[in-house]
Amino acid sequence: MSEVGFDPVRIGIVSISDRASSGTYEDKGLPALKDWLGRALKNPLEFEARLIPDETARISATLIELVDAGCSLVLTTGGTGPALRDVTPEATLAVAHKEMPGFGEQMRQISLRFVPTAILSRQVAVIRDQSLIINLPGQPKSIAETLEGLKDADGTQLVPGIFAAVPYCIDLIGGPYLETDDTVCKAFRPKSAIRAAR
């Protein structure tokens, strides 16, 4: 839930699927991303949503368009497996100015807690200009697990989700100050980077 006084944030969300983009089945990636981000962030959010097919050039062009439109964060879902049409990582790396391998490494570590096939996932994260672009898994449950991390029955964090590092990364590349709801995902920043409470 967003609150007054926090930096507004524009976020690009991209669901990449031949079948969903052609109407063969309902896309679940975009609603899952909107729901999770709406719960996790206190900032006023503006979403730029896209539903596109698994085509390298189209994915790269969409990512560039969203970065150029001022999205500080761009999250993609789908197209990161080993299948022939899974080209999201290649399209993402093609527009990168810097690679951020820790995000993909941590996502696979989280997913390996649930399924051994997590080693088949190829998610990447990159920086382009002042935007962080992250590939996420295709399933809504996996999206939440990788963003949020793993907690025990009393809510104690067992394995940090990748989103804990996103706000500070956005700080470092000159983006808005993201404020998280700690009950969903507690952001980590060095003490020197934490703004005084409002």
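Analyst: D18 counts as partly exposed because its relative accessibility is 24%; buried means under 20% relative accessible area, exposed over 50%, and partly exposed in between (1.4 Å probe, protein chains only). The model is predicted, so local features need pLDDT of at least 70 and side-chain atom pairs pLDDT 80 or more, while totals for chains, interfaces and linings use all residues. Residues are numbered from 1 along each chain as its sequence is written, and side-chain values use heavy atoms, without hydrogens and water.

D18 takes part in a salt bridge with R85, with 2.9 Å between the closest N and O atoms. A salt bridge here is a side-chain nitrogen of Lys or Arg within 4 Å of a carboxyl oxygen of Asp or Glu. This pair joins distant parts of the chain, 67 residues apart: D18 sits in helix α1, and R85 in the loop between β3 (73–77) and α4 (88–93). Helices (H or I, at least four residues) and strands (E, at least two) are DSSP runs numbered from the N terminus. R85 is also partly exposed, at 43% relative accessibility.

The whole structure holds 11 salt bridges. One of them pairs E90 with R122 at 2.6 Å, N to O. E90 lies in helix α4 and R122 in the loop between α5 and β5, 32 residues apart. E90 is partly exposed at 39%, and R122 is partly exposed at 26%.

R189 and D171 form a salt bridge too, their closest N and O atoms 2.6 Å apart. R189 counts as buried because its relative accessibility is 9%. Finally, E48, R50 and E65 are linked in a network of salt bridges.
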